[in-house]
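Welcome! Please take a moment to look over the sequence and the model, and then read on for a short tour.

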Amino acid sequence: MSDYPIQLVFDDAVAIIRDVAARHRLETETLPLSRTHGRILATDIDAPIALPPFDNSAMDGFALRHADLRADETTLRLIGEQFAGRARDLAVGEGECVRITTGAPMPAGADTVVIKENTRLDGDRVVIVTSPELGANLRRTGEDVSPGERVLHAGYRLTPARVSLAASLGLASLPVVRKPTVAVFSSGDELIEPGLSLAPGEIYDSNRELLMGLLRAEGLEPTAWPRLPDDPRQVEIALRDAGCAFDLIITCGAVSAGEKDHIPAVIAQFGQVHFWKVRMKPGMPVLFGSLDQARVLALPGNPVSVFATFLGFGRALIDALQGRLEPRSVERAQLVAPLEKSHARREFLRANVFCDEHGTLRADPNPAVGSHRLRAVGDSNALIVIPDGPQRLAAGAVVEVLRYA
Ligand code: AMP
Ligand code: MG
């Protein structure tokens, strides 16, 4: 496997991920509304009712007939009250009005609401001090949504606003795509659990928490597996075990060309390699494959490579498995400092993205070099994407940024 020649360009690798994952789109489940937050909607939704469902008042005041209003003050007879809630059997006749509150159904006969502040009470009479326009302070049936109108789209994420829209239409449940189950593996004999003491040559496992956090930020509930030792048989047993039980396996480490990098051979022997090695920096040895029922994204071990490959490929894979069609918003920012590269690979650089006093998004690259330098990731909030091919970018040039914080 170590002489595996193919080095894909980044966009082709994303296309392969989308293609393979689309063929393994997860099934639909119908969940009560309260459990649908953050999920991907599985079918289009057409409004079963109008919104608002009935003509109602936009303000607290009095419902009246506009034709009764005079040029100067008008005095009307108060015949009842209609508060927000069930409609009472009230009809406003000539010279009459009904006390009304915001959201209350308009009584028959009334066509206008005068706000309380523009009236004066005089016993059972209401004096209209300032006359409203015809139809003022009314919310009309269906002005927001007509029955049958498409309001939610398959493949879109259910944000709080969209879930509440479904609730306002009376929908108690929604069909959503099942979330992928994810197994997370760190690998390497040098890795030690935080809290234990280090022998010379050992380091603490930092990628596990990085991946667990990134996956949780995607709304998933990943399962961390025990660390994989650099032993081919143990790698095989653990990955094949996870391959039977999870939709997605994410590993980090042991995926490049070293003597102890056993993951590519295991996937090739017991599953399928869709791609291995992408023209990117950092993260070049990334592998995407399938093993039993799971898709496998094997990320390189360097912490910054994990970041770049997860943001670049992990998110695309999670989206495609759930049939997400709504594109994620692409953010761009102006470089604070010039950047140059001579190699052909797409490059990802840590940076601080902020909005300056003129409202312009700016990206300040972190000077740290080396994909092992996690501190620079912590000090930053985004990765700058420098396009494929040699680049000479002046300060002020616009680049894509992937925000992670
Ligand atoms: P590898 O891809 O296994 O050759 O690992 C590349 C580098 O990343 C090595 O310096 C590893 O020690 C380091 N590394 C691998 N996995 C982790 C991890 N889980 N946490 C921190 N560093 C890691
Ligand atoms: Mg290793």
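P282 is found in the loop between strand 19 (280-281) and strand 20 (287-291); strands here are DSSP runs (E, at least two residues), numbered from the N terminus. The peptide bond leading from K281 to P282 is cis, with omega near -5°.

This is a predicted model, in which local features need pLDDT of at least 70, side-chain atom pairs count only at pLDDT 80 or more, and totals for chains, interfaces and linings use all residues. Residues are numbered from 1 along each chain as its sequence is written, chains are lettered from A and ligands numbered from 1 in the order in which they are written, and side-chain values use heavy atoms, leaving out hydrogens and water.

Another cis peptide bond runs from L51 to P52, with omega near -10°. P52 belongs to the loop between strand 2 (45-46) and strand 3 (56-57). In the loop between strand 9 (125-128) and strand 10 (138-139), N137 has a positive phi of about 60° although it is not a glycine.

## Around ligand 1

Which residues are closest to ligand 1? They are E190, D205, S206, A254 and G301, among 13 that surround ligand 1 (a heavy atom within 4 Å).

Polar contacts (N or O pairs within 3.5 Å) can be found here too. An oxygen atom of ligand 1 is 2.5 Å from a side-chain N or O atom of E190, and an oxygen atom of the ligand is 2.8 Å from a polar backbone atom of A254.

## Domains

An automatic or database assignment gives domain 1 (6-26 + 179-321), domain 2 (30-51 + 143-177), domain 3 (56-139) and domain 4 (331-403). The C-alpha centres of domain 3 and domain 4 are 60 Å apart.

Technical notes
A polar contact is a pair of N or O atoms within 3.5 Å; within protein, one must be able to donate a hydrogen and the other to accept it, and residues adjacent in sequence count only if both atoms are side-chain atoms. Helices (H or I, at least four residues) and strands (E, at least two) are DSSP runs, numbered from the N terminus.
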